[in-house]
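Take a look at the sequence and the 3D structure below. We will go through them one stop at a time.

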Amino acid sequence: MAERGGERGGERGGDRGGFGRGFGRGGRGDRGGRRGGRRGQRQEEEKWVPVTKLGRLVQEKKFATIEEIYLHSLPVKEHQIVEALVPGLKDEVMKITPVQKQTRAGQRTRFKAFVVVGDGNGHVGLGVKCAKEVATAIRGAIILAKLSIVPVRRGYWGNKIGQPHTVPCKVTGKCGSVTVRMVPAPRGSGIVAARVPKKVLQFAGIEDVFTSSRGSTKTLGNFVKATFDCLMKTYGFLTPEFWRETKFSKTPYQEFTDLLAKPTKGLMLEAPIETVEA
Amino acid sequence: MAEEVHLGLPGPWAADYREKADHYTTKIGGVPDWPTGDMGIKPEMLQCSLCGTKLCLVAQVYAPVVKLNIEERIIYVLVCPTPECGPRPQSWKVLRVQKCRNVEQTEGDGDELGQGTGPSSTSVPEEQIDKNKSHDINDDDFDLDALAEALEQAATLASNSKKKNKSKCANAPIERPVLKEKPADLSIPVLPCFYIYYDKEQYRVKGAVGSSSNEFPLDKEMTDTGNYEEEKWDGEKYEYDKAIGADRTFLKFKKRLDAYPEQCFRYSYGGKPLLAATKVQDAGTCRFCGSPRQYELQLMSPLLYFLHEAGKGSSNYGPSNWTWLTLIVYTCSKSCCPSSCGGRPCGCCWDVAEEEITIQEDEAV
């Protein structure tokens, strides 16, 4: 018995993908089929093994859109979650700039990459990563950008006809000394902004907006972060549509736990039941 | 500077989750393979401290320590199978089972030694044959030279004391313990079982400064496409990684995990654990000898994922409720033997010591 285990371990010594494949085919009972299936199935290069509970739920397709995650303010810790839930995500490198540090042996140069990701329809993320090599910095920045995806609220300038095209109200964001103010604009104005924040606004899916900035906008790192901060605030602004009292619902962790769910008596707050007693 | 870390990667599933292996096998789930049939473990050590249910095995790791010359040493990680207890830290238990190394055994002589090592020598040849076979087959993948050394020493031991009476010893060949335990096994739930093979973690060492200069032409190309003179991007400094949902520690944890996405556990005797959160509890001291505890191994989230996948569809399944990111096991730094025959360490009995385990939870839940 032990050597059987050992032999099979030997065969699959280098084949780490083989173990994961077995799962795609179903449960414990299917032993013979599983062995055959493993050989037949195509090798997936990097199958995502989720680390967090949220990742496991997303992989089981318990979420339809990323909005359900935003509704419960769940922290997204794995970028594969975003890749799975937001289709049509595009990314672009805005800038790669070298940053230097003075050491005894001269200067140590690293590269800082700014990447913006978005689907052009209300979701945008910004990632900044420093690394010793450009490719590493870009890769890392894309992952961080996906982890920082936020929803962007759009509204109307005047008549509510057609789809929302501009910001719902005047909002302002700040980073360092740079403040960026976005003002609703009529349809057809286009994005009136400097080149760099314009890119972020395009990825967010805003069609018309007037912007005004203040501070040292030469520090474009801060400028682009201020724009992103401004976009984050669009959903933080309380408007009359939100005056109605929130009807709380179960968090996904409670909803998808069969065993520990207590019976609900009307409204229930979002505190999860199965917290670990420290 | 960095210590070697060995990763436990998933191997084949066991055909039957209750199948028995020997105590040299490293596996996840299944039934614990005690080295001898009757270990003399107190029943409350194998019971959940919260609800009293019999604990089931999560991981069994064969962990010899070369520096301290202990080759018969296994670590068992046990947990309460009931879904309510699973998430609570008190329902997890770690047992370290080892046979104390007697100094005189290295010389390989002496009558009292022969009788003392009698019980072990009967079991060793049979298990050793199995081990050697599997050792040859997964040669490149298998564990350290430590294991080879340990087996070699066990072999010399066996050959030296082979002439001693085998029939005298209390623990007869392997078959008897199996038959004795079979009825008891079916009563406790058992986690899905799969075997582990080892690999060394090859974490890419940070490149030298010179290598980044090759990237400069690429960089220039990227800036030239824009060709906007008024944009200077001045005053940029180094920035630490930041994301809305994850902090720096977790991002580093995830990066190491992504390098080997299927790692079930990390083993590094006396090394540093890979933390998922900065808050870490103090390990404390060994309750038998008072020496400080040190990190030895940690179980990782992919293990939970695999157990979860295997148990899908079955109700009342413990691992469905687990939400930990990593479980860190601390053991006595001297790897002490709590009991000893007649006051001095002997080579005949197996000692069982309970060690410390800390959970790092996914705090979003």
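K61(A) counts as exposed because its relative accessibility is 71%. Exposed means over 50% relative accessible area, buried means under 20%, and partly exposed is in between, with a 1.4 Å probe and protein chains only. K61(A) sits in the loop between α4 (53-59) and α5 (67-71) of chain A. Helices (H or I, at least four residues) and strands (E, at least two) are DSSP runs, numbered from the N terminus. The phi of K61(A) is near 60°, a positive value in a residue other than glycine. Most residues other than glycine have a negative phi.

Before going on, note the ground rules. This is a predicted model, where local features need pLDDT of at least 70, side-chain atom pairs count only at pLDDT 80 or more, and totals for chains, interfaces and linings use all residues. Residues are numbered from 1 along each chain as its sequence is written, chains are lettered from A and ligands numbered from 1 in the order in which they are written, and side-chain values use heavy atoms, leaving out hydrogens and water.

Now view chain A as a whole. Chain A has ten helices and eight strands. Of its 278 residues, 46% are buried. Chain A exposes about 14,100 Å², and carbon and sulfur atoms supply 50% of that. Such accessible areas come from the Shrake-Rupley method with a 1.4 Å probe; for residues, only the protein chains shown count as cover. Contact means heavy atoms within 4.5 Å. Among contacts in chain A with a separation of 6 or more, 54% join residues 24 or more positions apart.

Next, go inside. A141(A) belongs to helix α7 (residues 134-147) of chain A. A141(A) counts as buried because its relative accessibility is 0%. Not counting residues up to four places away in sequence, A141(A) touches A113(A), V115(A), G127(A) and K129(A). E46(A) is 95 residues from A141(A) in sequence, and their C-alpha atoms are 19 Å apart in space.

Is T166(A) buried or exposed? T166(A) counts as buried, because its relative accessibility is 0%. T166(A) lies in the loop between β4 (150-151) and β5 (171-175) of chain A. Its side chain makes polar contacts (pairs of N or O atoms within 3.5 Å; within protein, one must be able to donate a hydrogen and the other to accept it, and residues adjacent in sequence count only if both atoms are side-chain atoms). One reaches the backbone oxygen of D208(A) at 2.6 Å. Leaving aside neighbours within four places in sequence, T166(A) is in contact with residues including W157(A), P184(A) and I206(A).

Finally, turn to chain B. Ten strands of chain B close into a barrel, in the order β1-β6-β2-β3-β4-β5-β10-β9-β8-β7, with antiparallel pairing. Two strands pair if DSSP finds at least two bridges between them. Strands of a sheet pair through backbone hydrogen bonds, either parallel or antiparallel. In chain B, β4 (residues 73-79) and β5 (residues 92-99) are antiparallel partners over seven bridges. Y76(B) has L95(B), in β5(B), as its bridge partner.

S335(B) lies in the loop between β9 (324-332) and β10 (350-361) of chain B. Its phi is near 50°, a positive value in a residue other than glycine. S335(B) counts as buried because its relative accessibility is 3%.
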